[in-house]
Amino acid sequence: MQGHRNTYCFHVPGTLSANIVITWTACADGRIKHVSAGGSNANDGLLILGISTDTNSILESYSIGDSGTPVEKTQANFATGNPSGKFSKGEILVATLDYDGASGTATDDFTLVITTLEG
């Protein structure tokens, strides 16, 4: 049986003035297959992705895309502690955006798309 693909889309409009933490509970066992993130401006935003007990366990800090061109990450880019991007039903998934990196340019119009595969 082939697992179901789910896509989770998040958009935060405007110029950010604080970090963004997005959380949701996994409805089934699964794996992260693809992450796409970016802002509408040239920005210094950094993103991590994991579960609530280890918030960078799937993706360690990386620069999001600029000027409407998202940066994509796949399993080849995942953290060494969880290279398959696995999570379990009931775990809380956490995406954390440092909106301006190390006090750089704030992110405008942040968009995050995460594709998962159930099973």
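Tutor: Two strands pair if DSSP finds at least two bridges between them. Strands (E, at least two residues) are DSSP runs, numbered from the N terminus. This is a predicted model, where local features need pLDDT of at least 70, side-chain atom pairs count only at pLDDT 80 or more, and totals for chains, interfaces and linings use all residues. Residues are numbered from 1 along each chain as its sequence is written, and side-chain values use heavy atoms, with hydrogens and water left out.

Student: How do you know that β2 and β8 pair?

Tutor: DSSP needs at least two bridges, and β2 (residues 20-25) has six with β8, in the antiparallel sense. So they count as paired. For instance, Ile22 has Ala95 in β8 as its bridge partner.

Student: What makes β4 and β8 a pair?

Tutor: Six bridges again, also antiparallel, with β4 covering residues 46-51. Here Gly50 stands opposite Val94 of β8.

Student: What makes the lining of the largest cavity mainly nonpolar or mainly charged?

Tutor: Ala, Val, Leu, Ile, Met, Phe, Trp, Tyr, Cys and Pro count as nonpolar, Asp, Glu, Lys and Arg as charged, and the others, Gly among them, as polar. The lining divides into eight nonpolar, three polar and two charged residues, so nonpolar it is.

How values were computed:
Helices (H or I, at least four residues) and strands (E, at least two) are DSSP runs, numbered from the N terminus.
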